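Please read the following notes beside the model.

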Amino acid sequence: MKKLVSMVLALMLVFSLVACDAKDKAKDDGKITVGVVQTNANESDWRTANTKSMNEAFAAAGFETKMVFGEGDHAKQIAQAQQLIQEEVDYLVILGLQSAGWEDVAKAAKEAGIPLIMADRELELSEDLYTAMVCSDFEAEGVKAVDWLKAQNMDTVDIVVLGGDTGSSAQLGRSKAIEEGAATNGWNIVFNQNMKGWDETLAKQAVTDLIASGKEFNVIYAENDNMARGACDAMDAAGITYGKDGDVKVIAFDANKWALEKVLAGEFNLDIECNPLHGPRLVSLIQSLEKGEKVEKNVYVEEEMFDAETITQAIVDARSY
Amino acid sequence: MATHDKTINHDRSRSIILSIVKHNIFIPCAFLTMLLLVNIFINPGFLKISMGADSNGHPVLIGNLINILSNATELVILAIGMTLVTASSKGQDISVGATLAISGGVVMRVLCGNETQPDSLHAPIIVALILGCLAGMACGAFNGILVSRFKIQPMIATLILFTAGRSIASMAMGGLKPKAVSSFGYYGNFIPGFPIPTPILITIGIVIVTMLTLKLTNLGLYTRAVGVNAKASSLNGLNPTMIKFLTFVVLGFCVGIAGFVQSSRVQTVNPYTIVPGIEMDVILAVALGGNSLGGGKFNMTGSIIGAYTIQTLTSMLMTLNVNTNAVPVFKAAIIVVLVVIQSSVVKAFFNKKMGELKSRKNSGKGNDTYVVVE
């Protein structure tokens, strides 16, 4: 009797699974499902704009989006990516918290026949393991800042580098550019540490501590807008002038709208754009892949920079995020 | 003869108690002094405090010591609550970072509503403070119920909010990352015209309230009793469940205050990155203060000094410009030394040596070597 019951139950289980599967397939019919492994839900304003851009563009194109957030946990992101592969999404878009450690995910995606697209941040994968890449060239962004600084013709350059999350490709690229720039131009790096989480508080503490210990500096190289704001807060509290008419030059990255307002107000000297609007680009990429067209494998997003000397109200107004 | 023996025993036990009391505060103080000396050695201007002016011309005090005192605020306040929780529940609350994000998030939501950059505050600051504290206390109550009523181990019980807290905070903020007007920054920075950072004043206030509470009420005694032996204390008419629960709510209140100060520092909260890893720093502060993480007796002054020790260490690694990748290693190396010196084995060793020295001195009076093992 017991055996019979357990067999019936087991059969029911199997059938229910089959039924689920069938239903899923039916739902998927005609609709492209895009699995997105995003970093954090609200890491920064940049990220918020980035998430919104993808959600909106995918919805407008009629894709179904499955977005998951790693929330600062690299291992969690990898598990989430594996999960999305098992759920058989049609495309897998990865915005990695860390650039290393993605080989297994890429291999699994390849075996499952799911095209893998790297967005925003480059991952350390060999060419055959991914389908396409739409990323920011972080080192090139940093080099823009270095070139700008060189053109300022300052007598002495003492730089405070406020780095982002250690090991993210944005931090690696931007730090590399300034470290090499400083080495070749004979600039002095007074401070170079990475702030966990890219936000104001730690950057502010670091700069406050630097001022208290009497370190002299005249350039703040903050690897995102939020950290630049934290540094400015610290300088405000100590009465150090900065920006266009101040003693300390402030270089920031990402170019959010509020940050451009600060550039316009002369508080930041330079802000280098890192374009978060990946949604439309990903949509057109996926659409060409669907049609079987050949796509350019490695695309770096074009990015501008905004100088306090040349920025206009119109540029700020045109900014949507 | 018998009475004579008793007095000797009495004297001896009193001197043992005295030496332990001396030890409990002596070691944490020694660590802090040692770190400060290292700092002075590396940077002779370390203790210098100068009067400067902020960009609006208001006077402010500038100096490393001021920074340490100011930045340690959250750690000190959390260490106070954590000491009580540790003593009563024989375990630690690992969710303080996540619940701090929740209370900070509530503060920001109350002040900014649904706007990302409001021109004015949506509610009086006192309302935000009260709601932030209530949010912290609610989290504390949740942990407290799991630990005291359902007898779940504190680390497991608080693992729930440790995991979910930051997401809850993000939801509480409606997924926004608002920035409040700068007048909200008075509580985490300076009140215009007053040169001492406000967080230092808040810390002093909280420490005084804590010390008075411990002195004037039975909270400390009951907490110790429950931690040492819950059964015995319940036989003596205490309610261990209630007392454990209360200590978690007190910690929740501390979290609320710390969250308020933290969110005021830069007038914005990023729930995922606010106070990264503070749980471990707080637990470490309690341990450095000479407290047993196994509960029972506690030493509040020690925990507070422990918190300042950790902040000094963090600040030192920052100003030394140690390579980012090496910072955790440095911190760990120093902490290993601090913790090992305080271990019962090392303590017993030193006590034995001390005892030998003493007995050598008093060799005429006989061999009364004793070993103190905690």
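1. Confidence in chain A is lowest in helix 1 (residues 2-28), at a mean pLDDT of 57, and highest in strand 8 (residues 219-222), at 97. pLDDT is the predictor's confidence in each residue, from 0 to 100. Helices (H or I, at least four residues) and strands (E, at least two) are DSSP runs, numbered from the N terminus. The chain A average is 89, and 92% of its residues score at least 70. Over residues 19-27 of chain A, pLDDT stays under 50. The model gives that stretch zero contacts beyond four places in sequence. Two residues are in contact if their C-beta atoms, placed from the backbone, lie within 7 Å.

2. Ground rules. This is a predicted model: local features need pLDDT of at least 70, side-chain atom pairs count only at pLDDT 80 or more, and totals for chains, interfaces and linings use all residues. Residues are numbered from 1 along each chain as its sequence is written, while chains are lettered from A and ligands numbered from 1 in the order in which they are written.

3. Domains of chain A. Domain 1 takes 30-136 + 276-290, and domain 2 takes 138-274 + 307-318. These bounds come from an automatic or database domain assignment. Taken over C-alpha atoms, the two domain centres lie 29 Å apart. Contact between them involves 11 residues of domain 1 and 14 residues of domain 2. The domain 1 side of that contact has three nonpolar, four polar and four charged residues. Ala, Val, Leu, Ile, Met, Phe, Trp, Tyr, Cys and Pro count as nonpolar, Asp, Glu, Lys and Arg as charged, and the others, Gly among them, as polar.

4. Strand 5 of chain A. What does strand 5 (residues 132-135) of chain A pair with? Strand 4 (residues 116-120) of chain A pairs with strand 5 in the parallel sense, over four bridges. Strand 11 (residues 298-300) of chain A also pairs with strand 5 in the parallel sense, over three bridges. Pairing requires that DSSP finds at least two bridges between two strands. Asp120(A) stands opposite Cys135(A), and Met133(A) opposite Asn298(A). Ala132(A) and Val134(A) point one way from strand 5, Met133(A) and Cys135(A) the other way, and all are buried. A residue is buried if 20 or more other C-beta atoms lie within 10 Å of its own, exposed if 12 or fewer, and partly exposed in between, with C-beta atoms placed from the backbone.

5. Met54(A). Met54(A) sits in helix 2 of chain A. Is Met54(A) buried or exposed? Met54(A) is buried, because 28 other C-beta atoms lie within 10 Å. Leaving aside neighbours within four places in sequence, Met54(A) contacts Val36(A), His278(A), Gly279(A) and Leu282(A). Pro276(A) is 222 residues from Met54(A) along the chain, yet their C-alpha atoms are separated by 9.3 Å.

6. Chain B. Its secondary structure comes to 14 helices and two strands. The radius of gyration of chain B, over C-alpha atoms, is 23 Å, close to the 21 Å that the globule rule (2.2 Å times the number of residues to the power 0.38) gives for 374 residues, so chain B is as compact as a globular protein of that length. Buried residues make up 47% of chain B.

7. Contact between the chains. Chain A gives 37 residues and chain B 33 residues. Helix 7 (200-212) of chain A is among the elements that each supply at least two residues of the chain A side. Helix 7 has the largest share, 10 residues. By class, the chain A side has 10 nonpolar, 17 polar and 10 charged residues.
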